[in-house]
Amino acid sequence: MYDKRKEGRLNLLKVLKTSLAIIIMTDAIYMLRTDNFEFISYYTLLLSVFILVTGADECKEGRKGMGT
């Protein structure tokens, strides 16, 4: 059901997910272009937080499984 109260509100999880995606992609491109894998542990940590935020966003929207 459509909720008019959600229309103008900024979804914090989506903003966090987008920010994490940009940081992760920047980090990945840096490591690939410089062959410097010193920050791989930070990359892995950010990737796991991204997956956690994505799961929380999916649960908030009411989607419980893949393809539903």
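Student: Which side chain of opposite charge is nearest to aspartate 27?

Tutor: This is a predicted model, in which local features need pLDDT of at least 70 and side-chain atom pairs count only at pLDDT 80 or more, while totals for chains, interfaces and linings use all residues. Residues are numbered from 1 along each chain as its sequence is written, and side-chain values use heavy atoms, with hydrogens and water left out. Aspartate 27 is buried (under 20% relative accessible area; exposed means over 50% and partly exposed in between, with a 1.4 Å probe and protein chains only), yet it has no salt bridge (a side-chain nitrogen of Lys or Arg within 4 Å of a carboxyl oxygen of Asp or Glu). With Lys and Arg counted as positive, Asp and Glu as negative, and His and the chain ends not counted, the nearest side chain of opposite charge, 12 Å away, is that of arginine 33.

Student: Which residues does aspartate 27 touch, not counting those up to four places away in sequence?

Tutor: Aspartate 27 lies in helix α1; helices (H or I, at least four residues) and strands (E, at least two) are DSSP runs, numbered from the N terminus. A contact means heavy atoms within 4.5 Å. With residues up to four places away in sequence left out, the residues touched by aspartate 27 are Phe39 and Tyr43.

Student: How many helices and strands are there in the chain?

Tutor: Helix α1 covers residues 12-34, and helix α2 covers residues 40-61. The count for the chain is two helices and zero strands.

Student: Is aspartate 57 buried or exposed?

Tutor: Aspartate 57 is found in helix α2 and touches Asn11, Leu13, Lys14 and Lys17, not counting residues up to four places away in sequence. Its relative accessibility is 0%, so aspartate 57 counts as buried.

Student: How far apart are the closest N and O atoms of lysine 14 and aspartate 57?

Tutor: Side chains of opposite charge can pair when their charged atoms come close. Lysine 14 and aspartate 57 form a salt bridge, with their closest N and O atoms separated by 3.6 Å. This pair links distant parts of the chain, 43 residues apart, with lysine 14 in helix α1 and aspartate 57 in helix α2. Lysine 14 is partly exposed at a relative accessible area of 37%, and the N to O distance in its bridge to aspartate 57 is 3.6 Å.

Student: Which residues do salt bridges that share partners join into one network?

Tutor: The structure holds two salt bridges. In one of them, the side chains of lysine 17 and aspartate 57 meet at 3.4 Å, N to O. Because lysine 17 lies in helix α1 and aspartate 57 in helix α2, this pair ties together parts that are 40 residues apart in sequence. Through shared partners, the network joins Lys14, Lys17 and Asp57.

Student: What distance separates the C-alpha atoms of lysine 60 and leucine 13?

Tutor: Lysine 60 lies in helix α2 and counts as exposed because its relative accessibility is 55%. It touches Asn11 and Leu13, not counting residues up to four places away in sequence. Lysine 60 and leucine 13 are 47 residues apart along the chain, and the distance between their C-alpha atoms is 9.4 Å.

Student: Which residues do ring pairs link into a cluster?

Tutor: The whole structure holds two aromatic pairs (rings of Phe, Tyr and Trp, its six-membered ring, with centres within 6.5 Å; planes under 30 degrees apart count as stacked, over 60 as edge-to-face and the rest as tilted). The rings of tyrosine 30 and phenylalanine 39 have centres 6.3 Å apart and planes at 50 degrees, so this pair is tilted. The rings of phenylalanine 39 and tyrosine 42 are also tilted, because their planes stand at 35 degrees with centres 6.2 Å apart. The cluster linked by ring pairs is Tyr30, Phe39 and Tyr42.

Student: What is the accessible area of the nonpolar surface patch formed by Leu32, Phe37 and Ile40?

Tutor: Patches are made of residues with over 30% relative accessible area and no salt bridge, like charges being joined within 9 Å and nonpolar side chains (Val, Leu, Ile, Met, Phe, Trp, Tyr) within 5 Å. Leucine 32 lies in helix α1 and counts as exposed because its relative accessibility is 63%. Areas come from the Shrake-Rupley method with a 1.4 Å probe and, for residues, only the protein chains shown count as cover. Together, Leu32, Phe37 and Ile40 have an accessible area of about 320 Å².
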